[in-house]
Each structure stands twice: as structure tokens, then as C-alpha cells.
Amino acid sequence: MLFGVHLLRRKRSPSTGEPLSFEEIYDRYYGVLLDHCERILGDRGEAEDALQEVLLRIYRALPSYKVEAGYSTWLFRIATNVCLNYLRTRRRKGLHLMENTDLAASSDQDVLKVVTARRILVELSSKLDEQEQQLLVDHFITDIDQGQLAQSYGITRRAVAKRLRKIRDRIGHLWPGDS
Amino acid sequence: MSDCPNRFALVQYHAGELPEPNRRSIERHIDQCERCSGVIERFEQNKQQGLEQRQSTLSRIRRLADADPQTGILPTYRQRPKGWWRPALGVAASAAVVIIAVLIGTGQLGDPPDKAVIAYRGAVALHVSAYRNGHRFKLDPDRTVRRGDRLTVEVTVSSPGYVALFSMDRQGKVTPLDTDIQFETNTEIQKFETAGRHLLKSNLVVDQEFSAAHIIVAFSQDPFDASAVQSDLSSTQTEGSAPAEMIRMKNNSTVLLDSIAVPAHER
């Protein structure tokens, strides 16, 4: 890579103070991003495809990204947007993923939350706008605590809780268990 | 465990983003919690997968990103410089162009450079997925393809252009791979009106006749002779090697290639 381009693509990591290049971001976050895409899409192959697009977007956006609260929130936001687009395309084409019945019957609360959130995104997305879908993913699939959510959305914790309640009222009985 | 940290905290721990006290407390928890250590293990396995395909993925991302005119973002090294010296740089560049043109015109610099090399060439990427019993997976050298598996072939192009698809067997013999889309009359190339991802073949079934070791896509922004590409690939290919990334045609135009290895399959 050209020297100038390399410099432009290096950013400062908030925790270590070390700048991160695109390659370093790839090495450090590939594993967690692939996991995140797979949790949203429920399909390994599709998650790998989506991750390619996520990496492409990261590569393009990195020179203009201002590191404030670390990389993971930003990177996961990009990944969530790409995966929600994949789900929209899937719906538009009338493709339905057969949910693994073992997962749906799991007693693991985390697995149940993910499977239910995915079902809501696939079946009831017309009831939610894009921001609400994003919040649903952040809360149930990414599993970000409400304090961090409030920080990343630039609103208060109470406002986050209020938005989640609003979504719950619209989704009704499908709302994943523990909140 | 009810006192497990949020999954996102595990993400931040794995990425090395947490400050020291939080990091240590999560580390202590992971040591005692099977579930959370399983999550970290999973991140690590994914990471290893990423590292194994690091080189090819990074080069593909760069090719697509740096060459995509549809985004409106030019590659960084092509961006116009900002500042007071811009006009001066413009004058210097113009003067250099005039001098080079004069030198070329008078034969002092030999043959003019190949326009196809200087001009934007676009980029192409091939995606092949396999379906077995309703499950989809990406082609992977470690996974055997079985008879009855169905393959889909998709191509992403960075700009409108022309595409041809080939299959190469293990002896290096190259043959055209038919697609679901009707080719233009009297030509073996497919015209794409738009940049982006296009489905070329949705039902390529692995059967006894199936002998592909590589699936290859050729792409150019201008029409090209697919049979010439086929014979070039056949003549330059050695057994077992991956196809080249670019072919220079006789008329000096450039055809870009991307390929995916098909793992050995059971007959």
C-alpha cells in the first residue's frame, strides 16, 4: 500500500493509544464481527458474505472515522446495518431461513433471545423502523448494556428504556423473555 | 451464570479494548465460567479462520474498494491535494505531460505507454456457495464437495462491463461454463449494465460429469473475445496452479480474472 494511504488509514486505539490500521482492525475484530453477523443472520455462509461487505465499508470509512468510544461500537454498527440489509433482501426475494429447531428449543437464555429477535426481524420488521430494528439488535443480539446503549445513541438511559418499551408494545408476545 | 458480563463486554475484552481493572475482573470470571470461556473460544476460532484467509480477503477488499466508481469515493492516492501548492502542482503536472508528449512524439521515449494499464480497469470478485440438504456453505479447500451438492455462482463487478465464466479441470483444461443468463447474440460474454453483485448460475449440480477444479470469471469494461481468454488460460495454465489475475489481450485491452478453487469431490 502507498505510504500516504497507509498513514491515512491508521487510527488511534482508545485503550492502548496505539494507532490501528485496517489490517490491525481485521486481525483484532474479524472473529467477533463474524460471530455478530452469524447471530443476526443465523447462517454461517451468509454471515461470511456479509462480513466481506462489512470489511469493505470499514475500509472505506476508516480514514474519516473519529475514534471516541473505541472501535467495537462503530464496527458493530456497520455490521448490524449490513446484516439488516441482508435480511431485507432475503424478505424481498421471499427467501425464508429454516431456523434450527435445536436452537429454538434451547434452554439457554442468550440463544433464545437471539432466535426470537431474529424471528421478529424477519417476520415483524414492517412494524419497526430502521432505528428500532437497530436497537432490537443492539439490545438482544449484540447484548450491549443500557448504559453503553445510551452513550452510543447519545440519549439518556431512561430514553433507551422508553424506546425498548415502545418496541415491546408493538411486538407483543414475541418479545424475548427477560427484559 | 446470572453474573455473566454482557456479551458485548466479552467482545471488548477479546478485542483488548477494556481498561485494566475491568479486563482483570472479566478474565477472572472467564476462568470460572464455562459459558463465557466458550464464547471467547468461539471468537478465537473465527479469528483463526480470518487469519487463514487474511491475504486473499485483504487484497480482494482493497481491489473492490479502491476501484469502485459507484461509491463516489476515489482511491485516496487519487484524491486532489489541498492547499496553496495545488495550483503550482497543476502547472508542474501540465508541463510534465507536455514534455513527455513531445518526447514520445519525437520517439525519444520509445512506445507510448499502454492506455489500458493507466486507465481505470475496474475490479471483479467471484463468490461460489454450495448447498447441501438445505444448508449453505462457502467453498473451502478442507471441505469435500459431494455428488448432489448444488453450487451458485455470483459475480461482483465494480462498474458496468462484460463478463465470461469458465471452468478449469485438474489437468488445466479450460471450458466455458454456461450461465442462467442468455448471452448476447454471437458472443460468449455477458453484459452487466450495473455495478454490484449479479447471480450468474444458480443450479450447478455436482454430478459424475462435474470436473471443475477452478471456477474462473473474466471481466472487462469493454467487450472482449471470450474464446481468446479461454485459449490463453488453457495455454498458460499448469496443473494444479491458480489462474492469473489479469490477461493482456492482443488489442492491448486488459481482462481481469478472479477464480475460486473447487475442493476435491467424491464421485
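Me: Is A:Asp138 buried or exposed?
Reply: In this predicted model, local features need pLDDT of at least 70, side-chain atom pairs count only at pLDDT 80 or more, and totals for chains, interfaces and linings use all residues. Residues are numbered from 1 along each chain as its sequence is written, chains are lettered from A and ligands numbered from 1 in the order in which they are written, and side-chain values use heavy atoms, with hydrogens and water left out. Buried means under 20% relative accessible area, exposed over 50%, and partly exposed in between (1.4 Å probe, protein chains only). A:Asp138 has a relative accessible area of 4%, so the word for it is buried.

Me: Which residue forms a salt bridge with A:Asp138?
Reply: A salt bridge here is a side-chain nitrogen of Lys or Arg within 4 Å of a carboxyl oxygen of Asp or Glu. For A:Asp138, the closest N and O atoms of the pair are 3.9 Å apart, and the partner is A:Arg77.

Me: How many residues apart in sequence are the parts that this pair ties together?
Reply: Helices are DSSP runs (H or I, at least four residues), strands are too (E, at least two), and both are numbered from the N terminus. A:Asp138 lies in helix 7 of chain A and A:Arg77 in helix 4 (residues 72-92) of chain A, so the parts tied together are apart by 61 residues.

Me: What is the relative accessibility of A:Arg77?
Reply: A:Arg77 counts as partly exposed, whereas A:Asp138 is buried. The value for A:Arg77 is 25%.

Me: Which residue of chain A meets B:Arg7 in a salt bridge?
Reply: The N to O distance is 3.6 Å, and the partner of B:Arg7 is A:Asp110. B:Arg7 lies in helix 1 (residues 7-14) of chain B and A:Asp110 in helix 6 (residues 109-123) of chain A, so the pair joins two chains. B:Arg7 counts as buried at 11% relative accessibility, and a relative accessible area of 8% makes for another buried residue, A:Asp110.

Me: Which residues of chain B belong to the salt-bridge network with A:Asp110?
Reply: Salt bridges that share partners build one network. From chain A, it takes in A:Asp35, A:Glu38, A:Arg39, A:Arg44, A:Glu48 and A:Asp110. From chain B, it takes in B:Arg7 and B:Arg42.

Me: How far apart are the closest N and O atoms of B:Arg62 and A:Glu23?
Reply: B:Arg62 counts as partly exposed at 23% relative accessibility, while A:Glu23 counts as buried at 13%. They form a salt bridge, and the closest N and O atoms are apart by 2.4 Å.

Me: How many salt bridges does a search of the whole structure find?
Reply: Side chains of opposite charge can pair when their charged atoms come close. Over all chains, the search finds 18.

Me: Which residue of chain A does A:Asp49 touch?
Reply: A:Asp49 sits in helix 3 (residues 44-61) of chain A and is buried, with a relative accessible area of 4%. Contact means heavy atoms within 4.5 Å. Not counting residues up to four places away in sequence, A:Asp49 touches B:Ser129, B:Arg136, B:Lys138 and B:Arg197, plus, from chain A, A:Tyr86.

Me: What is the phi of A:Asp143?
Reply: Most residues other than glycine have a negative phi. A:Asp143 lies in the loop between helix 7 (130-141) and helix 8 (146-153) of chain A, and counts as buried at 14% relative accessibility. Although A:Asp143 is not a glycine, its phi is positive, about 60°.
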